[in-house]
Structure formats: structure tokens, C-alpha cells
Amino acid sequence: MPGANRWRNPEDDLPPDFEDNRDVHYDAIRQPQDPQAFIAALQKRLSEALARFDTALELGTTGGVDIVKKHGEPWIKVSPPGKQEEPANLVALKPEIEGRWGAIDLIDIPKEAEFATGFTGEFASVATREAVPKAVLRRRLLPVLFALGTNMGIKRVAVTGKHGESEAVLRHCTDVEIDRQYTDTHVGPCCLACRSVVSTGPRCRCSA
């Protein structure tokens, strides 16, 4: 394919003097020029490898490789590799990062985003009226969004959190305040606009 990388003409990768010095280049890669000799050598290697594999299956020395049935058809099963040792550089890097910046709870990310943008004010309730104060609604929305965003679930967030809200209250907040279509069309663009204002200043076009 002209102009392609993966599907380009393989002859374009050949040395410019390939045709004039074919024997030199074949000797460099240790391959015969006769295609029949190349195929015969490849078939011999394949047959020998299959014979060794068959012997290893009988002796049980395949290292976890086995022939099993999958959907009624033969299937080569390879056992997953064992746990590798953690690289020494990574072991040294983790305490260095923790010593410099400490550990950041994931819940702090939406909290900081709320403090910077006030995006929870863009959520609109589907109820006919709202009687919950904005501060209380914010306290409920953040753990709800955290539960949905991390796939942790409302139940776990309600049990492990220190927000003082029950599971029933958080589920009610989810049903009343979280609307996917409204979130995509209003809350998302608002967060992007506020982020642009915070990072580039109020002159950004998105600030409108």
C-alpha cells in the first residue's frame, strides 16, 4: 500500500544494492537463497519442536502448558506467570514520592474540583420542589459521584464514609439529582469552562 507503514511494500526495506549483492546479504542473515531449502529447514524445526512438546506433555514437564477442550475443540492452555518481583527502582521511588507529597485520598479529587468550580450547583433535581440546603446537597452529591465514578457502589461509600449520610439518603440523592443526559449536556461543559477559567484566567472563551 503506497504511503503506508505497516502495509508498505517490503521491497522498500531492502538495501539499495540487494540485487547486486544478494549472496552477501543472504549470508549476513544466515539464510539460503533457495526457497525450497528454506521451507524444508523451517518444517524440520517445526516438527522437532512439536515432537519435544509431545514428549513434555507425556512427562508432565511443559511448565503449565496443556491441551484442553474449549467449546468441544482442542485448546492450548498456558498457565499464567507467577508474580514478578517489584523492580528495585520502583521500590525506591514509592517512598520518595510519598515522603514529598504524601498520600492523597481519591475522594479529595472531586472535593477539590468542587471547591474550584462549584460544579455541584449545576445539578438539577427531577423533583417538583427542593427543600435541601445547598451545603447539604453538596455533601451528599460528592460521595454519590465518588461511588458512581469509582464503581465502588453506594452501599460501600455509605458504610465506610465519614460524611454522616445514610445509604437510603445517598440512594435518594442519586435518583433525584443524577440524570445522565442532563449531566452530559450541562454539568460536563460547566466543569470544562470553570477549569479553563481557573487555569487560563477569565479571558478564556469558555468562561462564558
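Buried means under 20% relative accessible area, exposed over 50% and partly exposed in between, with a 1.4 Å probe and protein chains only as cover. The model is predicted: local features need pLDDT of at least 70, side-chain atom pairs count only at pLDDT 80 or more, and totals for chains, interfaces and linings use all residues. Residues are numbered from 1 along each chain as its sequence is written, and side-chain values use heavy atoms, with hydrogens and water left out.

**View 1. Overall arrangement of the chain and confidence of the prediction.** The chain holds eight helices and two strands; helices (H or I, at least four residues) and strands (E, at least two) are DSSP runs numbered from the N terminus. Their order from the N terminus is α-α-β-β-α-α-α-α-α-α. Of the 208 residues, 16% count as buried. The average pLDDT, the predictor's confidence in each residue from 0 to 100, is 79 for the chain, and 84% of the residues score at least 70. Among the elements, helix α2 (residues 35-59) has the highest mean pLDDT (93), and helix α8 (residues 180-200) the lowest (54). Over residues 197-208 the pLDDT is below 50. Where pLDDT is low, the predicted coordinates should not be read in detail.

**View 2. Helix α5 and the elements that cover it.** The 17 residues of α5 should span 24 Å at 1.5 Å a residue, and the end C-alpha atoms are 24 Å apart, which agrees; the expected span is 1.5 Å times one less than the number of residues. Buried residues of α5 include Val136, Leu137, Leu142, Pro143 and Phe146. The cover over the buried residues of this helix includes α4 (108-117), α6 and α7 (167-177).

**View 3. The largest nonpolar core.** A nonpolar core is a set of buried Ala, Val, Leu, Ile, Met, Phe, Trp, Tyr and Cys residues joined through side-chain atoms within 4.5 Å. The largest one has 13 residues, and those with the most contacts inside it are Leu141, Val144, Ile154, Leu170 and Cys173. Two or more residues of this core come from each of α5, α6 and α7, and α5 gives the most, with six residues. Apart from neighbours within four places in sequence, Ile154 is in contact (heavy atoms within 4.5 Å) with Val144, Ala147, Glu167, Leu170, Arg171 and Thr174.

**View 4. A salt-bridge network at Glu165.** A salt bridge places a side-chain nitrogen of Lys or Arg within 4 Å of a carboxyl oxygen of Asp or Glu. Arg139, Arg140 and Glu165 are linked in a network of such bridges. The closest N and O atoms of Glu165 and Arg139 are 2.8 Å apart. This pair links distant parts of the chain, with Glu165 in the loop between α6 and α7 and Arg139 in helix α5, 26 residues apart. Glu165 counts as buried because its relative accessible area is 9%, whereas Arg139, at 39%, is partly exposed. The side chains of Arg140 and Glu165 meet at 3.4 Å, N to O.

**View 5. Two loop residues with positive phi.** Most residues other than glycine have a negative phi. His71, in the loop between β1 (66-70) and β2 (73-77), has a positive phi of about 55°. His71 is exposed, with a relative accessible area of 76%. Asn151 lies in the loop between α5 (134-150) and α6 (154-160), and its phi is near 60°. Asn151 also counts as exposed, at 72% relative accessibility.
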